[in-house]
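Welcome, and thanks for taking a look at this one. Below is a short briefing to read alongside the sequence and the 3D view.

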Amino acid sequence: MYTKIMSTIWISVIITCCSSCGHKEDGQHEGHQTINHKLNAKSVDSIQYEVTTEDYFKGLEKVLAEVPDQEFYIPKRTNLITSFPCNNCHSKALDELKITDAEKVKNAHWNIKMTHANANVMECTTCHSEKNVTHLKSITGKAISLNHSYKLCAQCHSSQYKDWQGGAHGKRLGGWAPPKVINSCVNCHNPHSPAFESKWPARLNTVKLKEQSKD
Amino acid sequence: MTQIKIFFSLMKDGLASATTGNTKYHIWMGALTLFMLLGAYCYSIQITEGLIVTGMSDRVSWGLYISNFTFLVGVAAAAVMLVIPTYVLKDIDFSRAVLIGEGMAVAALIMCLAFVTVDLGGPANAWHLIPGIGTFNFPSSMLSWDVIVLNGYLFLNITIPLYILMKKYQGKEPHKSFYLPGVLLSVFWAVGIHMVTAFLYAGLPARSFWNNALLGPRFLASAFAAGPALIILALQVIKNNSSYSIANTTIRKISLVVTVAAQVNLIMLISELFKEFYAPTHHSISAVYLYFGLDGKNALMPWIYTSISMNVIATTILTIHLLRKDLKWLNIACILIFVAVWIEKGMGLIIPGFIPGPWGDIVEYAPTWIEIGVTLGIWAMGFFIFSILVKAFIPIEQGTLRYRKG
Amino acid sequence: MDNTSNENTSCGSGNCGCGSKPDGIDQKLNKHTDRRNMLKSLTAGLLAGAGLVNSSCSVTASDSTKEKKELEWEEYFKGNYQLMTDDEKEGTVKRLERLYELNNAKHTSISAQGPQEDVLYGYAFNISKCQGYMDCVNACVQENNQDRGSQMQYIRIHEHENGQMNFDLAEDDYFHEVPAEGHFYMGTQCFHCENPPCVDVCPVKATWKEKDGIVVIDYDWCIGCRYCMAACPYDGRRFNWSTPEVPEEEVNDNQHYLGNRLRKKGVMEKCTFCIQRSREGKNPACVEACPTGARIFGNLLDPKSEIRWVLANKKVFRLKEDLGTEPKFWYFMD
């Protein structure tokens, strides 16, 4: 009698356990899998996105970056420089533009302070050309458009340049969806003083928690 | 039809029995009502203001409520320790105590459900938990398991005693073949409710303090110590305040259960302490906080050391035959072990699981008066229900209350 | 063949239970009758008593109060968002917008935009770049209508001393000029795990992982048990301990049902990768606000995305990988 009852109960318990385990299999659980496995299995080479960030760039003039293997845009630079083209002022050779100490009130470009590497490496003419003032120049003296100043930066900062092309350095504008528009070096860094300054944080982190832990 | 008539008659007679008593009984019930009203008032504040009125925070997101819930699941499960010998081993000694034990289980379970409910941020949405009309995340969520096992256990513990009482009410002998399967099921079920409740915590790798295999067994050991300890105390109160006689051998046998459970619990505590402190890792940090404090914060230290000393003293008393057989010493041990386990399963288990937080921040927890008020209210409700149940079934069990036809 | 045509004709309302699984109270209430009518008649009965009091005061007031009560009533008995049909989703969104208009005399738009094909969102955080400026936190709070009263923040920025990466010793409450000498910064938020423990433990399926990988919460389905909070190893979840306060002029009106729509007290919330932005192709507010470019967001299934380039070319790591949660949030260095 008892054994009969006992076995009935045991069987029912086992059945309940089994059936509840079975649930998990056919549910929406994908089981434990690593994300890398999923990326390899489900990546799609040319995705047709339903969304675009085109609207975001309506007011922004952009140019295609001249880099190998990648296709993305950067904000156009020349239309943002107030006194561009430079030959508005730089109509004569630099020597002729120079003013004597006596009549000197303030130098042109007085506000530019160079804190970019040391004087042995960097001076104005490392990047700016005395002859071709509307362009920058490379170390070897080749002209570089102000819109593509990253080529200039890339001469020394090659690892940053590589990261920037890939997307690990710099900042994408608009969003993750196409078109791909990325800040150029000079959009974040002042080329004459490229380091980020220290400043006060925008806000205090966890005020309330701290208060609670005090009392 | 007649069965329904008998049932209503039983309810009526039971209620009449529960509402009559001496002045002491009325004062007791009056005081409990007062505490329940206090709890209701505190809960109404919590409902309007939100859980902000409790001591809980994003860091320690479960507090006094869940602590009490965890402890009371153990008390409810402990009723089984009286059920097995009575119904299965035919040990007549226990039979007088078993209905009291099951009454205690019912009261404890209702308290459990109440504690979970007051802990909810949106109790109005609790219907989302009802299988069928809500979306029940079974079997994935251990909380959904808990809902099933607690309500199932409540069902078992209401129906089985009700059947026996119905039979006795009519002066008949209950049929074994009818209630025994239910009893056997409830034996497994009782172990189940406490294991599932332990799995609720043990299943969280995020909280290394809970994420250990010993948690479930230790829940059982401590529950089978604290639950029967409470029954021993309750039996004596009933014995002294009613004509219901309970043999000393019954109490002695239950005390044996308490003793073994308390001893096992202590061994497991030692095992846990060894694991945490012999070669402490990052995962021991909550235990370090609990036993020694961190960064000068040590709010739980007094609690845990009180609990451990009480546990050790009580287990020593229980282990020495001479002392255990002395009712006075036994009662002291029972009170000690009850309080010790309450601390151990509450403040000593739930709170340190959250401290330090996932990123190492230490925010301590202390319950607010609102929380304490609600908790007292629920405990009062538990005692209230237990009193009514006991008061109703004693005359039936004794044969003084019988069904009258017509 | 017969079956399919039957389905098409009988599924007009979208919630009769044949097209998709009925949810919520529907299953019980809506065997054969139309839910709207059912609820309306229920509401009418309920309002009969309350309406009496109101109508004696003002006729116009009672109209909008009546509508409000009716909407709230329907909202209370709606089902789990995850199981709703598109019609039902639209219905609840409309009700919520109308309720907001009735309460605040101001329009808000709540989107129910779903996930896109072949998109799985991922996030990378450059710990060499982060300077601890906390612009991301401000942007997040504003974008997501977080409770100003309790100063709720989804993002935490941890200040580590060089030479270690021990979160126990990190400073989370720094207030000095940043970056501090000899320190580096690390942000944490919801990592949108591929195996999210919070989703497994929720007893009512109020939180789940969307097809595009975002772990979301149905604020109206959550019962506030906080089990998910205990299960999260990353402190990614927040609870509304009191009624959230957002000054009306600061409310972001571009909302998503699963994202930044206004919450109520007693429910969980968390970072959703700014679902209202990301599903429109934009970057989350934190990514946009970061002045250093330390935050990178994109589609993990697109081999040409920046996030994939980072995974392929940088040495990346994730936090608490041993727990098997598979966060879609990587850290890397220059």
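This is a predicted model: local features need pLDDT of at least 70, side-chain atom pairs count only at pLDDT 80 or more; totals for chains, interfaces and linings use all residues.

## A loop residue in chain A

**Around A:Asn147**

- A:Asn147 sits in the loop that runs between strand E4 (143-144) and helix H5 (150-153) of chain A.
- Leaving aside neighbours within four places in sequence, the contacts of A:Asn147 are A:Val63, A:Lys76, A:Arg77 and A:Thr78.
- A:Ile74 is 73 residues apart from A:Asn147 along the chain, yet their C-alpha atoms are separated by 8.4 Å.

**Helix packing in chain B**

- Two packed helices are described by the angle between their axes and the distance between the axes.
- Helix H3 (residues 64-78) of chain B and helix H7 (residues 176-202) of chain B have axes that come within 8 Å and cross at roughly 165 degrees.
- Angles over 145 degrees count as roughly antiparallel, so H3(B) and H7(B) are roughly antiparallel to each other.
- The crossing of H3(B) and H7(B) is left-handed.
- On the H3(B) side of this contact are B:Thr70, B:Val73, B:Gly74, B:Ala76 and B:Ala77, and they meet B:Ala190, B:Val191, B:Ile193, B:His194 and B:Thr197 in H7(B).
- The contact of H3(B) with H7(B) is made of 6 nonpolar and 4 polar residues, with no charged ones.
- H3(B) also packs against helix H8 (residues 215-241) of chain B, at an angle of about 70 degrees and with the axes 7 Å apart.
- An angle from 65 to 115 degrees counts as roughly perpendicular, which means that H3(B) is roughly perpendicular to H8(B).
- H3(B) and H8(B) make a right-handed crossing.
- From H3(B), B:Gly74, B:Val75, B:Ala77 and B:Ala78 take part; from H8(B), the partners include B:Phe219, B:Ala223, B:Phe224 and B:Leu230.
- By class, the contact of H3(B) with H8(B) has 9 nonpolar, 3 polar and no charged residues.

**Nonpolar cores**

- The largest nonpolar core has 209 residues, and B:Ala76, B:Cys112 and B:Ile337 have the most contacts inside it.
- Helix H5 (residues 92-119) of chain B gives the largest share of this core, with 18 residues.
- Apart from this core lies another of 7 residues, among them A:Leu136, A:Tyr150, A:Cys153 and A:Ala154.
- Which residues does B:Ala76 touch, not counting residues up to four places away in sequence? They are B:Ala105, B:Ala108, B:Leu109, B:Cys112, B:Tyr153 and B:Ile193.

**Inside chain C**

- Chain C has 11 helices and 12 strands, and 50% of its 334 residues are buried.
- Of the contacts in chain C with a separation of 6 or more, 63% join residues 24 or more positions apart.
- In helix H6 (residues 135-143) of chain C, the buried residues are C:Cys136, C:Val137, C:Ala139, C:Cys140, C:Val141 and C:Glu143.
- Strand E3 (156-161), strand E4 (183-188), helix H10 (285-289) and strand E10 (295-299) of chain C are among the elements that cover the buried residues of H6(C).
- After H6(C) comes C:Asn145, with a positive phi near 50 degrees.
- C:Leu300 lies in the loop between E10 and helix H11 (306-313) of chain C.
- With 24 other C-beta atoms within 10 Å, C:Leu300 is buried.
- Not counting residues up to four places away in sequence, C:Leu300 touches A:Leu39, and also C:Leu120, C:Tyr121, C:Gly122, C:Ile307, C:Arg308 and C:Lys328.

**Between the chains**

- Chain C puts 47 residues in contact with 40 residues of chain A.
- On the side of chain C that touches chain A, H6, E3, E10 and H11 each supply at least two residues.
- That side of chain C divides into 15 nonpolar, 17 polar and 15 charged residues.
- The contact between chain B and chain C takes 36 residues from chain B and 44 residues from chain C.
- Helix H6 (residues 142-169) of chain B gives the most to the side of chain B that touches chain C, with 4 residues.
- By class, this side of chain B has 16 nonpolar, 15 polar and 5 charged residues.

Technical notes:
Residues are numbered from 1 along each chain as its sequence is written. Chains are lettered from A and ligands numbered from 1 in the order in which they are written. Axes are lines fitted to C-alpha atoms, for helices over the stretch in contact, and angles run from 0 to 180 degrees between N-to-C directions. Angles under 35 degrees count as roughly parallel, over 145 as roughly antiparallel, 65 to 115 as roughly perpendicular and the rest as oblique. A crossing is left-handed if the near helix is turned anticlockwise from the far one by less than a right angle, and right-handed if clockwise. Two residues are in contact if their C-beta atoms, placed from the backbone, lie within 7 Å. Ala, Val, Leu, Ile, Met, Phe, Trp, Tyr, Cys and Pro count as nonpolar, Asp, Glu, Lys and Arg as charged, and the others, Gly among them, as polar. A residue is buried if 20 or more other C-beta atoms lie within 10 Å of its own, exposed if 12 or fewer, and partly exposed in between; C-beta atoms are placed from the backbone. A nonpolar core is a set of buried Ala, Val, Leu, Ile, Met, Phe, Trp, Tyr and Cys residues joined through C-beta atoms within 7 Å.
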